[in-house]
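Here are a few friendly notes to read alongside the model. Keep the structure open and follow the points in order.

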Amino acid sequence: MEDENDKVGAFDPDIPEEGASTPPPGWLHNIHGYQGHGRAEGDLYPPPPAYTPQPEVNRNTLVPDVRVPKVSEDQAREALLRFVESRWRYSSKPARNLAFRQLQAITVYRYRLETYTETRTSSWQFEVYNGQPVDGAEFGVSPPPWEIPVPPPQIFTDRVETLRVPHSSIVKVCHMCSGCGRVRCRDCSGRGNKHCILCHGRGHRRIPGNHKRASKTRICTSCHGRGRKRCSFCQGRGFKTCSACQGSQNLVHYIQLTVTWKNNVSVFIPDRQPDFPDQNFEKVSGEPFFLDENTLVYPLQGFPDLELCDASARMIHEHLERFSSTSRILQQRQTIELLPLTQAHYRYNGKDFSFFVYGVENQASTIGVQLVSQMHPSENL
């Protein structure tokens, strides 16, 4: 049986159930230039035609000739020794005593295309209204998304910035509590207490007996025989403070503009050595010898590796198709690096082996020290 202390919050039909976390359709008025496009993550605004550059017709970029770097026997041996020292189960003796048969330099290029874009989206947001100043339509017309000045970051640097659209704010009654400031507790349905889960609301529990004693019925120690317990989620009140308006009953809605700067990168490396995994090049730098940067770059022309020219034309077209319709292309950059790759053939104990030396250290005049060993484990290298 319940006493007065358990009747902390009597059921109040005037306290509404908790509404949706977002305003229902039609709750907010449309603002010119910010009509929705049905995107769940926010309205996307393609740049105006004046902001979209177009490539020139029949324009190509000339690439200079390049010299293929070579690795000496001392450099190859040093790279091998460093690799051996990083593997505790390998001995350095074979690396010191091996005899080189051939150092085969392989020409490998890495082409990289970067397209730096700016994208603008918007969505309705809200904050608690506590009487603060509100920048509403009475102060002017909200500027279109692409006319709001936003300082860009350093070129080719990713960044996301959010800001409030001027004159877009409006005060509305809280949609979650309908302006009550409180919402009905979902856990107890607004009653302030719930059935005891141990005795199922009966107030007593049956203790099973055995062959020596009969079963007994005892008062439930959890609810003290009442059959109901105070709701721990609302402390027996039957309601909770609205999580949206924090009890203030009103919200300030405003349009938030999200500006995203992103450097979109595509890389192409022709496969020139089937025995060497190209993904190893991701960990090393190359020797840059060509850089072309403009609002829009143009396909390579006259480069001796025709596969690179074809990749350049294809990737530039793909980037233009992918980004120009949804984003503002601020700048493009294409680079070519020469990736040093040498296959070292050598003989040890009457057997022939080989390994690769590849990449360039960031320190000046230092050849790369990344290495792939193709020696048989039984050679204990």
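1. Residues 24 or more positions apart account for 80% of the contacts in the protein with a separation of 6 or more; a contact means heavy atoms within 4.5 Å. Please keep in mind that this is a predicted model, in which local features need pLDDT of at least 70, side-chain atom pairs count only at pLDDT 80 or more, and totals for chains, interfaces and linings use all residues. Residues are numbered from 1 along each chain as its sequence is written, and side-chain values use heavy atoms, with hydrogens and water left out.

2. The protein has three helices and 19 strands. These are DSSP runs numbered from the N terminus: helices are H or I with at least four residues, strands are E with at least two.

3. Of the 381 residues in the protein, 40% are buried. Buried means under 20% relative accessible area, exposed over 50%, and partly exposed in between (1.4 Å probe, protein chains only).

4. Now find helix α3, residues 306-323. Its buried residues include Leu308, Ala311, Met315, His319 and Phe323. Seen down the axis of α3, the buried residues fall within an arc of 160°, so they line one face of the helix; the arc is that of the directions from the helix axis to the C-beta atoms. The face turned away from the buried side carries the exposed residues Leu306, Asp310 and Glu321.

5. What covers the buried residues of α3? The cover includes β4 (109-128), β13 (250-268), β15 (300-301) and β16 (328-338).

Note on methods: Expected span 1.5 Å × (residues − 1).
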